[in-house]
Every structure is written in structure tokens, then in C-alpha cells.
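Please look over the sequence and the model shown here before reading on. The paragraphs that follow lead from the sheet to the helix across it, and then to individual side chains.

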Amino acid sequence: MMTLATTETIEGKTLKTLGLCKGSTIQSKNLGRDITQGFKSLVGGELHAYNDMMNEARALATKRMVAEAEALGADAIVCVRYASASVMAGAAEVMAYGTAVAFVD
């Protein structure tokens, strides 16, 4: 199981830096949901379909980042961060990135 941390260190571990690892995805929802979410934005409230879309995108980006770190032989990823950007109406890119590290005995 890969350890993920937003900090630069992991308590009790000496780390060897292996390099940058990242994962990304671009997600969109279907047109029918876009229309209903558009109506929802007029009256206010949480946009559940978009919230679900972003949660799915973060999970997939994280999975891809972990796979890249595993390919480097990492035991953990430190300084994990997420970034997102709208790439077009109803579609967003999510990127997960961090520093792949190995535990030094």
C-alpha cells in the first residue's frame, strides 16, 4: 500500500527522493446532466453531478500518480497536491502530483 502525504517528510522514516510523479484526467458529464445542473445553478445549492465528477477525477488522477510512483520503485509520495482547471464547458482536468520517495533503512 502506497503511503501518501501532503507533508515533506514522514515521521520516523528517512527518505530518498526518486523524482516527480503525476497523474491526470479530463472528465465530463453527459449533456442531460449538464442541463439539469444548469437549472440547479440558477436556484442555488450543491451541484451533485459535478461534485461526483470531480471526486471521480481526483480518484483516477491519484491512481495514475501512484502507478507512476510504483514504476519508480517508490514506497511513498510526499508533498501531494491537486490542481484542477476547466478545459471546456462541462469538462475539467484534474492533476495529482507529488514527489516519489523510497524508505532508507
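What is the order of the four strands in the open sheet? The order is β1-β3-β4-β2, and the pairing is mixed; strands here are DSSP E runs of at least two residues and helices are H or I runs of at least four, both numbered from the N terminus, while two strands pair if DSSP finds at least two bridges between them. This is a predicted model, in which local features need pLDDT of at least 70 and side-chain atom pairs count only at pLDDT 80 or more, whereas totals for chains, interfaces and linings use all residues. Residues are numbered from 1 along each chain as its sequence is written, and side-chain values use heavy atoms, with hydrogens and water left out.

Strands of a sheet pair through backbone hydrogen bonds, either parallel or antiparallel. At the edges of this sheet stand β1 (3–4) and β2 (14–28), each of which has a single partner strand, so one side of each is left without a neighbour in the sheet. The strands β2 and β4 run antiparallel and are joined by 14 bridges, and Thr-17 stands opposite Val-101 in β4.

Across β1, β2, β3 and β4 lies the helix α2, which runs at about 145° to β2; such angles run from 0 to 180 degrees between N-to-C directions, with axes fitted to C-alpha atoms, for helices over the stretch in contact.

The largest nonpolar core has 16 residues, and those with the most contacts inside it are Met-2, Cys-21, Met-65, Ala-69 and Ile-77. The elements giving two or more residues to this core are α2 (48–71), β3 (76–88) and β4 (91–104), and α2 gives the most, with seven residues. A nonpolar core is a set of buried Ala, Val, Leu, Ile, Met, Phe, Trp, Tyr and Cys residues joined through side-chain atoms within 4.5 Å, and buried means under 20% relative accessible area, exposed over 50% and partly exposed in between, with a 1.4 Å probe and protein chains only.

Cys-21, at 0% relative accessibility, counts as buried, whereas Cys-79 is partly exposed, with a relative accessible area of 21%. The structure holds zero disulfides, a disulfide being a pair of cysteine sulfur atoms within 2.5 Å.

In helix α2 is found Thr-62, which counts as buried at 13% relative accessibility. Leaving aside its neighbours within four places in sequence, Thr-62 is in contact (heavy atoms within 4.5 Å) with Leu-4, Tyr-82 and Ala-96.
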